[in-house]
Amino acid sequence: MLKLYGGAFSRAAIVQWYLEELEVPYEFVMLDMKAGEHLQPAYLAINPFGKVPAIVDGDVRLWESGAILAYLADKYEKAELSLEERAQLSQWILFANATLGPGIFVEANRDREMPRLMTTLNQILEQQSYLLGQQFSAADVAVGSLLSYIPIMLKLDLSGYPAVVGYVKRLAERPAFQKSIGSRRGG
């Protein structure tokens with residue numbers, strides 16, 4: 001059975017959300033980060049950097065939430081994606097981790113990046129329900145998870161971006177979201 005390693009309030013909830021969406025059986029291994037379980041040799045054999053999340057799926061050991069999401073999409077997604085669709089999926093996952101996250105969650109970048117990023121996302125989501133069109137995907141997990149944390153962790157008002165707010169609301173209503181990220185943020 002696939003094992004997902006994470007800590008309390010970690011990015012493991014993002015991977016957990018997608019596993020729930022895919023209905024893939026998994027074991028969640030909660031590491032006590034304060035006690036340093038992520039720095040013990042057994043876990044360092046999975047992720048030598050000692051960060052979470054990580055998964056073990058048979059002989060496959062992966063870390064970095066974006067790489068894990070892409071792997072899970074390739075292995076477990078019921079709809080086969082074309083090369084072009086897989087590239088777009090990767091583009092959104094990389095955008096979440098390399099552009100959106102640092103642009104919003106790094107305070108020094110926020111004033112400059114947030115209006116540009118959120119305006120463009122709002123325009124895209126005015127035209128389509130999900131990032132790859134009308135079908136939910138791992139791209140929505142990657143980007144949507146970060147967007148859902150903005151009002152909670154940063155207390156930022158997103159009301160100027162109504163399509164983004166509607167998108168986050170749609171995602172938060174998904175049962176798999178409620179079992180993962182929703183349960184950790186209190187709703």
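**Helix packing and domain contact, by the cut-offs**

Me: So α4 and α6 are roughly parallel to each other. What makes them count as that?

Reply: This is a predicted model, to start with. In it, α4 (residues 83–105) packs on α6 at an angle of about 15°, and angles under 35 degrees count as roughly parallel. So the pair falls in that class. Their axes are 7 Å apart, and the crossing is left-handed.

Me: Which residues of α4 make that contact with α6?

Reply: On the α4 side they are Leu89, Trp92, Ile93, Phe95, Ala96, Leu100, Gly101, Ile104 and Phe105. Across from them, α6 brings Ala138, Ala139, Ala142, Val143, Leu146, Leu147, Tyr149, Ile150, Met153 and Leu154. Sorted by class, that gives 18 nonpolar, one polar and no charged residues. Gly101 is in that contact, and Gly goes with the polar group.

Me: Now α1 and α6: what do you call their packing, and why?

Reply: The axes of α1 (residues 12–22) and α6 (residues 138–154) come within 10 Å and cross at roughly 135°. That makes α1 oblique to α6, since roughly antiparallel needs over 145 and roughly perpendicular is 65 to 115. This crossing is right-handed.

Me: What is in the contact of α1 with α6, by class?

Reply: Ala13, Ile14, Trp17 and Tyr18 of α1 touch Ala138, Asp140, Val141, Gly144, Ser145 and Tyr149 of α6. The tally is seven nonpolar, two polar and one charged. Asp140 is in the list, and Asp counts as charged.

Me: Why are α4 and α5 called what they're called?

Reply: Their axes come within 6 Å, crossing at roughly 135°. By the cut-offs, 65 to 115 would be roughly perpendicular and over 145 roughly antiparallel, so α4 and α5 are oblique to each other. From α4, the contact uses Trp92, Phe95, Thr99, Leu100, Pro102, Gly103, Ile104 and Phe105. From α5 (residues 107–127) come Glu107, Asn109, Arg110, Glu113, Met114, Leu117, Met118, Leu121 and Ile124. That contact holds eleven nonpolar, three polar and three charged residues.

Me: How do you know how domain 1 and domain 2 meet?

Reply: The domain assignment sets domain 1 at 2–76 and domain 2 at 83–180. With contact meaning heavy atoms within 4.5 Å, 14 residues of domain 1 and 20 residues of domain 2 take part. The C-alpha centres of the two domains lie 22 Å apart. About 1,400 Å² is buried between them, and carbon and sulfur atoms give 67% of that. In domain 1, Trp17, Glu20 and Glu21 lose the most area to domain 2, together 42% of what that side buries.

Me: Which peptide bond is cis, and what is its omega?

Reply: The bond joining Val52 and Pro53 is cis, with omega at about 10°. Pro53 sits in the loop between α2 (41–44) and β3 (54–57).

Note on methods
Residues numbered from 1 in each chain as written. Predicted model: local features only at pLDDT ≥ 70, side-chain atom pairs only at ≥ 80, totals over all residues. Heavy atoms only, no water. Axes fitted to C-alpha atoms, helices over the stretch in contact; angles between N-to-C directions. Helix = DSSP H or I, 4+ residues; strand = E, 2+ residues; numbered from the N terminus. Left-handed = near helix turned anticlockwise from the far one by under 90°. Domains from an automatic or database assignment. Buried area = accessible area lost by both parts, 1.4 Å probe.
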